[in-house]
Amino acid sequence: MSEGLSRRSFIKLAATAGAAAAIPGCEPAARNLIPYVVPDENVIPGMPTFYATVCTECPAGCGLVARVREGRVIKLEGNPADPISRGSTCARGQAALQEVYNPDRLAGPQIRGQNGFETASWDDALKTFNGHLGTASKAGKDRVAFISGPLGPTQTKIAQLWLGAYGSNRFVTYERLADNAARVAAKASFGRDDLPIYHIDQADALISFGADFLSTWGSPVEFHRQYAAFRTPKQRHGQLTLARATYVGPLMTMTAAKCDEWVATSPGDEAAVALSVLNVLVKQGWVSRNSGIDLDALRKLVVDFEPASVAQKTGVSAESIMRMGESFGQSESAVALAGTDDPALHNAVAILNAVTGNVGKTVVFAEGGPAPASSPADVEALVKAMAAGEVDVLVVAGGNPVFSMPVAQKFNDAIGKVGFVAWLGTVPDETAAVAHLRLPTDHSLETWHDTQPRAGVHGLGQPVMVRVFDSRPLGDLLLASAHAGGAKAEQVPWENTADAVNAAWQDLGTKAGGTFDDFWEKVRRDGGHFEDVKAASVSLDAKIFQAYVPAPQPPAGLAVVAVPHIFFYDGRGANKPWLQEIPEPVTQLVWDGWVQVHPDTARSLGVSQNGIVELRTDAGVISLPALISEHVRPGVLAVPTGQGHTAYGRYANGKGANVWSLLSGWGKVAAVKARPTGDVRRLVSPLFRADQMERGIVQTISIDDLAKGVLPPSDEPVPPQPYEMYAPFAYPVHKWAMTVDANSCTGCSACVAACYAENNLHVVGKDYVEIGRVMSWIRVERYFPPKDKADEAPLMQVAPMLCQHCDRAPCEPVCPVFASAHTKEGLNQQIYNRCVGTRYCNNNCPYKVRRFNWSLPEWDEPLNLQLNPDVSVRGAGVMEKCSFCIQRITYAELNALIEKRPVRDGEVQPACVQACPSKAMTFGDEDDPQSAMMQRRIDNKLRRYLVLEEINVGPNVTYLRDIYQTKGKA
Amino acid sequence: MAAAVKDINLDPTFADIDRSVRAIMEPPGLRYWLWIGFLLALTLTGGALWTNQIYNGLQVTGLGDPVMWAVYITNFVFWVGIAHSGTLISAILYLFRTRWRTAVYRAAETMTIFAVATAGLFPVIHLGRPWFFYWLAPYPNQRFLQPDFRSPLTWDFFAISTYLTISSLFWFTGLIPDVANVREIATGWRKKFYTIVALGWQGSDRQWRHFSMAYLLLAGLATPLVLSVHSVVSWDFAMGQLPGWHSTIFAPYFVAGAIFSGVAMVLTLLIPMRWVMGLEDLITPWHLDNLAKVILLTSLVVSYSYIVESFMAWYSQDPIELMTFHMRYFGPWGWMFWVMVACNCVIPLLLFSPRIRTSTVPLFIITIFVNIGMWFERFVIIAGSLATNFEPSQWRFWHPSITEMGITVGAFAWFLMLFSLFARFMPIISMTELKEGITWLKQALRQGYAKAA
Amino acid sequence: MSAEVELVGAFADEERLVHCIGQLKAAQTRFRVFSPIPSHHINSAIYTRSSFVRWFVLLGGITGIVTAFMLTIGTSLEWNLVTGGKPIASIAPYCIIGFELMVLFGGISALTSWILLANLPTFEPLSGYRPRFSSDEFGLVVRCAEADAERFESVLRDAGAQEISREAA
Amino acid sequence: MSPNSETASYRPGASGIPPSANLSAQPLSTIALVLIGIGILTFLIAITHGLAQRAWEAFLVNLLFFLGIAQGGVVASAAFYLTQGRWAGRAHYRLAESFSGFLILGFVLFWFLLFGREWIFPWIRHPVPAKTTWLNVPFLFARDGIALGVMTLLSLTFLSASRSEEARQWAATSANILMPPPIIRRLAPAVCICFALVYSLLAFDLVMSLSPLWHSTLFGWWFFAGAFWSAVVTMAFTAVCLRRVLGKGNIFTEGHIMRDMGLMVFAFSVFWVYTLFAQYLVIWYADIPMETFFIVLRVHYLPWAFMSWLTVSLVWAIPFVTLLGIRPKKTPAILGTVALLGLVGIWSELYVLIVPSLSPRTIPLGWIELLITAGFLGAFWLCSYPGLKIAAAAAMEPIGESH
């Protein structure tokens with residue numbers, strides 16, 4: 001079976017390879033066979049080609065390297081040259097592939113007819129498109145509007161020019177999770193239009209006010225890297241200390257769970273807490289003298305925010321506030337982050353950073369930042385215009401406003417008023433459902449595009465493969481349409497996006513110096529142009545002390561909080577099966593939406609676990625099963641965003657409920673009435689117990705012990721030597737092994753997504769996850785300390801659990817057919833073709849990392865095109881598991897062989913290791929003590945441990961203990 | 001008391017014995033064929049479900065990580081266990097020159113054969129890719145790739161196949177004189193059949209001479225074999241490191257458990273058979289009494305093992321071990337454990353009373369309980385330990401599926417069908433050995449029925 | 001030498017038969033016994049040495065052990081795959097295979113050897129066989145010269161044979 | 001035969017014993033007394049001259065060794081009743097019971113361990129925190145003392161029942177399917193069950209707990225199987241001796257009895273090695289340090305490895321090979337030698353179980369151990385002597401109608 005399947009997909013891949021020659025290619029759509037008439041020098045069958053490009057899954061704009069085999073991109077990897085991703089990705093980035101190959105992608109143009117959408121030829125489609133545009137433009141100025149997600153400089157330019165050609169400038173970029181409040185605050189407090197760049201790694205203390213910077217806020221991949229550095233113990237004042245991090249917010253998000261302290265506030269109280277911290281600073285005189293702050297104004301501002309009173313108002317303990325103040329004020333450099341939509345908070349945080357002299361150190365404004373995106377006001381203006389019937393043609397290219405637009409905007413009514421709505425995109429969503437015309441556009445991996453996430457970073461996205469469907473680049477469509485609209489050549493000089501991008505980069509090139517061809521060559525190889533930025537000198541605008549508006553009181557009674565989902569983001573991720581199947585890091589739930597309720601609240605509501613709760617706000621009503629957990633502030637109902645799609649493809653539709661429909665405003669909080677409906681829907685998680693019963697799977701050590709150099713006390717009796725039953729085997733060439741730092745691991749699951757992509761793991765769906773048939777080779781072990789131990793442990797203990805490739809692997813000898821055996825390089829290998837499926841190996845695996853194919857794996861076409869041809873697809877009835885990405889090991893070893901050199905350290909990187917944004921995992925050769933992997937073990941002797949060491953199976957994965965700050969200590 | 005059913009000849013001759021046994025082998029009536037048809041239907045249902053499972057893969061079962069073994073392996077162990085008593089009675093008691101075995105050993109041994117035949121199905125049924133089951137066997141292939149002889153499952157393969165072979169040979173050898181006996185009176189196709197099976201046996205001194213020696217030696221070989229086979233089966237689990245599986249006592253403990261359940265099954269079959277076929281004059285209360293004693297003994301051994309196992313878990317003070325046993329007693333499947341304790345340790349204690357040992361109905365009920373208890377014992381050990389493994393995050397409890405249940409029922413039907421067929425067409429009671437020990441039979445009859453008659 | 005006859009005597013009682021056998025052995029005549037049951041009295045009355053089957057079984061058993069260890073160790077060395085860090089040739093577990101094959105081979109050789117030694121299978125009855133000898137009577141068939149027939153008949157009769165028939169050999 | 005003659009012939013030291021059966025034991029008994037003296041002396045010297053460790057080790061080894069034989073014998077007799085084994089008339093019952101004299105002495109000697117506890121139980125000096133509830137001196141001696149006491153009392157009760165008139169009557173006739181007398185029917189199972197439990201307990205407490213970290217669930221079973229076997233071989237050995245001593249007409253001259261003795265020696269030696277292998281394989285395979293260290297020390301490293309393999313060959317290999325056939329079983333010389341070696345084997349088994357836990361590096365085997373053993377041997381002989389006379393008497397009686 002497995003052979004058959006992989007062969008089939010291989011033929012497909014090989015067939016399409018010819019087309020890869022045409023990169024950047026156009027017609028024909030390459031899903032029909034093209035033999036190698038002219039072999040292409042770029043494409044050596046069986047060898048991957050790598051193209052640098054940029055990720056567009058979220059505004060962070062990470063640089064990517066796309067691994068392409070026979071003309072198909074099969075894997076996305078971080079671009080090491082890129083200052084943002086530094087060679088890492090997040091789970092969303094990995095899953096971008098599943099949009100490229102998404103079975104629900106629009107296969108061709110569609111025009112709405114009497115009975116639903118009818119497929120049309122491009123000519124007809126474009127004729128209709130341009131026709132409506134023409135009439136609209138004749139009807140007058142600004143009769144055409146354009147809404148899209150962030151497009152990047154060039155495409156924005158194209159869009160604006162195109163609008164111009166039709167006499168309109170109703171150009172709006174719409175990003176629901178855009179940090180508008182932050183921009184306002186930046187303007188108010190520092191008079192800046194751009195957002196600051198944060199250097200968390202430079203800080204010694206951190207307070208995040210609702211900024212979930214490890215999952216969705218800002219630039220998560222970059223922040224992961226910085227936070228890992230931040231949390232690495234450093235010598236401060238001659239003592240080894242752990243930088244203190246505090247999270248203030250209603251929900252214990254993944255970020256909160258990795259902080260030392262989670263200060264649970266009601267939504268909206270963050271500002272009060274921030275000001276109270278400020279109060280402490282002022283009182284203690286921890287305000288930096290030279291920051292030129294008007295201290296009296298400041299005092300006046302914070303006078304009402306005595307910790308005691310704030311504590312009394314908000315239910316936050318005064319000690320916590322004091323601790324925050326202390327850690328913030330005492331440390332040489334600190335950073336405070338604001339994540340909510342409350343301007344008051346942002347101002348307070350700006351002041352916090354400013355008065356402690358951290359602006360310019362950890363919070364840096366840089367010259368030459370990107371042009372600001374549209375503000376909510378712009379969006380509202382457009383919607384009003386639509387509602388007023390002032391718009392004849394609306395072109396939506398992403399953003400999915402119908403799904404996530406604040407209810408108060410009545411966008412749905414407004415769009416109804418628009419005569420002609422054209423939707424341009426990849427996978428039709430709720431907005432596409434109400435359009436009259438739907439035009440398939442290329443995925444960003446299939447077309448030229450560029451990004452400027454922030455000053456000094458110009459990402460260049462080149463098409464890494466020929467398109468899968470009969471789609472067109474958005475830019476090309478608009479340019480063609482512009483010309484059809486009679487745009488002059490001097491206004492719109494280019495024929496296609498490629499030229500446009502090329503042109504746009506000319507002046508960058510001239511700035512960089514050298515010939516443009518060299519520059520162009522270089523930026524295409526590096527995936528962009530990266531330059532050091534000089535920090536702008538900014539000072540706090542004294543006005544904001546007066547301009548301060550008191551924080552809105554949190555809604556009396558229950559409040560619903562929309563929590564951006566680490567995988568689904570605002571909802572765009574929901575149709576990617578990997579993201580549905582990979583459990584959300586903290587709750588570990590899959591394939592569903594839920595409302596997280598504190599036990600006390602649940603009791604007062606009469607809700608029990610999995611009981612369906614009806615949430616009703618002035619804006620709308622939804623129903624979701626309840627997740628009872630201590631990790632949410634009482635009185636708060638936390639609902640993850642992104643689920644509840646009705647028209648966004650087979651994987652997304654009908655899962656959970658859409659929390660946006662509860663929010664009338666741009667914020668993420670609303671007063672809510674909740675009642676149990678009495679129905680029950682099981683929330684499913686691949687994990688069973690959340691406490692590890694002192695089995696030392698994810699071990700911890702307090703920073704004090706680490707500083708003292710003593711191990712946490714253990715009453716485990718040790719068996720007297722000698723106890724080795726068998727003589728050890730030697731591994732002459734290599735002994736592959738891994739080091740995992742539980743302190744850096746946040747549980748973000750990028751490794752899991754990468755593994756799905758690299759090793760052709762198939763998703764099984766909710767029902768099978770529930771009965772333990774999930775196929776992930778690597779999972780995040782997530783444990784919470786028991787209540788009585790809470791002070792002596794971090795808030796959450798996470799570490800990736802994968803095959804430990806034990807020297808004395810219990811799984812091996814029990815296999816009757818040698819399907820599981822040890823290689824000469826220390827790998828525990830699973831030979832699928834030999835496996836008969838007795839499943840004894842899994843029974844005897846103490847780590848439970850083996851996965852059995854209960855059914856024949858299937859991929860909805862064309863998702864199968866993503867399959868990695870180097871990894872065989874397993875058939876039903878065989879066992880499979882982590883192979884340390886043996887295909888990559890072999891690849892590296894072959895290269896080394898060809899180049900007649902030993903394998904370099906770091907040359908082999910399993911997908912998980914490569915993806916990890918906080919570089920928690922290191923892979924290398926145990927025989928080589930110089931290898932980074934071994935060095936990491938040697939440098940952290942005290943933190944080394946083996947999971948379940950007492951059974952002496954000799955795992956080759958060494959873990960490093962998670963470090964925690966004993967509670968109640970600054 | 002059964003004696004009332006028909007008056008019993010307390011002083012039987014060789015001829016009487018022949019008459020009684022030959023009477024069983026009269027062509028059966030409609031009710032018998034209905035019974036067979038019913039069993040056949042159930043068997044076919046099971047077969048259909050299996051076919052479906054092979055076609056669709058194991059997703060049709062309720063299995064999942066971490067409970068990768070549940071009902072199928074439980075059935076496997078259960079049926080292998082059932083088999084053992086047969087060999088015990090026919091071989092071990094033969095070596096001990098136990099006098100009461102003669103009347104019951106053929107039935108027990110027949111049960112052995114068919115139980116092994118049933119048990120042997122399950123390892124194949126539970127495989128992920130059953131069509132490759134022969135990879136467990138060392139067979140010539142050009143890569144000279146052979147099974148891993150370190151694997152308990154390979155041992156299993158050898159043990160089970162050896163066991164099936166040896167007990168069949170033993171059974172066949174013992175059958176020959178009896179088949180020769182019925183050959184002489186049979187007619188039609190039966191005559192031909194018996195003639196072939198009997199290999200032309202005539203009971204000449206020379207034949208008996210070699211026969212007896214071979215029979216003795218086969219018994220001698222079968223005796224340690226019984227120990228080894230169920231030990232190997234127990235090592236399928238004990239070799240693992242899994243708490244609840246890894247325990248040195250497993251080998252003898254499983255053997256005892258096997259004989260326990262097996263003898264119970266012998267009685268479960270014999271008591272109705274004795275009643276339906278009217279064998280009171282061959283299978284006397286004395287026989288039942290002794291069988292019951294074996295059950296009692298093995299029940300005590302099994303209880304001893306439970307106690308020692310639990311004690312060691314506590315003595316070791318290993319938290320993981322402790323938790324496993326805690327879950328075993330009080331976890332979601334705790335009730336199974338207590339059912340097992342009730343059926344295997346408590347209820348059999350009734351057999352201390354001689355009256356219960358010899359009165360068929362209570363005895364029958366007790367044996368049913370024992371069968372249930374022993375099935376649950378295997379399930380508790382196999383699935384229960386898997387469900388609560390080293391990784392708390394990976395615990396999960398299994399839910400049954402139609403397929404698993406159906407195949408289980410089918411297996412029972414298949415076994416009963418084979419047994420019922422044999423009971424009517426072959427001498428289910430050894431005439432030869434009854435005659436050999438006729439003195440004991442007479443004593444037993446007098447002891448059992450003198451009062452009643 | 002005059003023609004030979006066979007006297008077939010049917011006995012109901014084992015002890016009488018054994019007694020009679022003693023006399024016949026003393027008279028050094030050729031005879032054959034049919035018995036419905038295995039009787040070590042009869043056996044020991046006729047034979048002094050016990051059956052050869054045991055040597056075959058011993059042989060079979062030893063062959064089994066040797067085969068087992070050659071198979072297990074041989075195939076392990078052939079591929080020398082490491083599983084669970086256990087030695088390539090792990091003797092302890094191989095003992096199990098050794099034992100099983102010992103029993104298997106021993107058992108098979110037991111069956112084959114006894115069947116062959118007993119001249120089975122055969123499908124023409126031995127002379128003097130009567131169906132009831134498989135059921136409830138012992139048979140003693142004496143082969144002797146016609147001349148001695150009378151004498152042996154009396155021996156049988158005295159020994160307590162119920163009916164005696166004479167037939168030509 | 002008439003009952004009265006039996007009663008006459010039965011009472012210990014009674015005149016009715018045939019002259020040939022009257023063991024001329026006077027010299028032997030004196031030797032025994034001398035041995036006891038030497039033993040006690042050695043023991044005292046040892047504990048006073050800083051060799052207490054070795055002295056107590058030897059003491060424990062021998063206590064368990066001889067106690068095992070004595071108790072095993074009683075259990076064997078009970079087992080004969082349960083299986084209605086009457087192949088040697090009543091002789092083998094008496095023979096099995098003849099060592100029971102040591103039971104009481106053994107029970108007394110057990111309490112001496114109190115004085116040696118410091119040397120014997122490592123967990124007194126280095127307690128295992130988690131296990132203190134079970135491993136503490138008062139509880140240990142209380143439970144084991146009570147258990148041993150109950151066992152001894154039960155055995156004595158059983159013995160008197162077994163030597164009672166009706167029991168002997170029953171044993172004398174093997175030609176029926178009658179049960180033994182009711183009192184026996186109650187006591188015999190009790191003795192067996194009690195034996196299993198008590199000797200498992202002793203195995204866990206007096207042997208296993210000497211390496212307090214180690215445990216093996218089968219250990220108790222294996223231990224009492226060994227004890228039982230030691231009784232069986234002692235029976236076989238004694239039978240062979242009696243056969244020589246009590247000239248003509250004693251029952252042990254009958255071939256089939258020697259064969260049955262041999263069969264028992266053979267069978268239970270196989271069971272012993274089976275339970276040993278069952279433990280070794282499981283521990284070898286799973287390779288969990290907490291279990292392996294006990295084995296590794298004894299099997300992989302000299303000097304203990306040598307002694308372990310010696311044990312296995314004496315208790316299993318030699319009996320297995322030699323007693324495979326029927327003829328050797330019937331040959332008293334062979335059977336006797338094998339049995340004697342077997343006894344040595346069981347002794348070294350106990351030694352290799354106990355001593356490495358206490359002094360793992362060296363193998364303290366010298367004059368102290370030998371002389372203390374000698375002392376125990378003497379005591380054992382004196383205790384068994386009356387029983388042996390009874391056995392001898394029984395052996396002289398013509399057996400009832402046999403099969």
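The model is a predicted one, in which local features need pLDDT of at least 70 and side-chain atom pairs count only at pLDDT 80 or more, while totals for chains, interfaces and linings use all residues. Residues are numbered from 1 along each chain as its sequence is written, chains are lettered from A and ligands numbered from 1 in the order in which they are written, and side-chain values use heavy atoms, with hydrogens and water left out.

B:Gln443 belongs to helix H16 (residues 438-449) of chain B; helices (H or I, at least four residues) and strands (E, at least two) are DSSP runs, numbered from the N terminus. With neighbours within four places in sequence set aside, B:Gln443 is in contact with D:Ala175, D:Asn176 and D:Ile177, contact being heavy atoms within 4.5 Å. C:Ser51 sits in the loop between helix H2 (40-46) and helix H3 (53-79) of chain C. A polar atom of the C:Ser51 side chain lies 2.9 Å from the backbone nitrogen of C:Val53. Residues up to four places away in sequence not being counted, C:Ser51 touches B:Arg209, B:His210 and B:Met213.

The interface of chain D and chain A was examined next. Contacts link 15 residues of chain D with 15 residues of chain A. The size of an interface is often given as the accessible area lost when the parts come together. Here the two chains bury about 1400 Å² between them, 68% of it on carbon and sulfur atoms; buried area is the accessible area (1.4 Å probe) that two parts lose on being put together, summed over both. On the chain D side, D:Tyr285, D:Asp287 and D:Pro289 lose the most area to chain A, together 37% of what that side buries.

One salt bridge is found across the interface of chain D and chain A, a salt bridge being a side-chain nitrogen of Lys or Arg within 4 Å of a carboxyl oxygen of Asp or Glu. The pair is D:Asp287 with A:Arg808, and the closest N and O atoms are 3.6 Å apart. Four residue pairs between chain D and chain A, both members at pLDDT 80 or more, are in polar contact. A polar contact is a pair of N or O atoms within 3.5 Å; within protein, one must be able to donate a hydrogen and the other to accept it, and residues adjacent in sequence count only if both atoms are side-chain atoms. Helix H11 (255-286) and helix H12 (289-299) of chain D each supply at least two residues of the side that touches chain A. The largest share of that side, six residues, comes from H12(D). By class, the side of chain D that touches chain A has 12 nonpolar, two polar and one charged residues, where Ala, Val, Leu, Ile, Met, Phe, Trp, Tyr, Cys and Pro count as nonpolar, Asp, Glu, Lys and Arg as charged, and the others, Gly among them, as polar.

In chain A, six of the six residues of strand E12 (residues 244-249) are buried. In a regular strand the side chains alternate between the two faces of the sheet. Both faces of E12(A) are covered, with A:Arg244, A:Thr246 and A:Val248 on one side and A:Ala245, A:Tyr247 and A:Gly249 on the other. Strand E9 (residues 205-209) of chain A runs parallel to E12(A) and is joined to it by five bridges; two strands pair if DSSP finds at least two bridges between them. A:Ala205 stands opposite A:Arg244. E12(A) is also joined, by four bridges and in parallel, to strand E13 (residues 261-264) of chain A, where A:Ala264 is the bridge partner of A:Gly249.

Over all chains the count of salt bridges is 83. One of them joins the side chains of A:Lys576 and A:Glu99, at 3.4 Å from N to O. A:Lys576 lies in the loop between strand E22 (559-563) and helix H22 (577-581) of chain A and A:Glu99 in helix H3 (residues 97-100) of chain A, so this pair ties together parts that are 477 residues apart in sequence. Both A:Lys576 and A:Glu99 are buried. The side chains of A:Arg943 and A:Asp741 meet in a salt bridge at 2.3 Å, N to O. A:Arg943 is buried, with a relative accessible area of 5%, and A:Asp741 is buried at 6% relative accessibility.

Note on methods. Buried means under 20% relative accessible area, exposed over 50%, partly exposed in between (1.4 Å probe, protein chains only).
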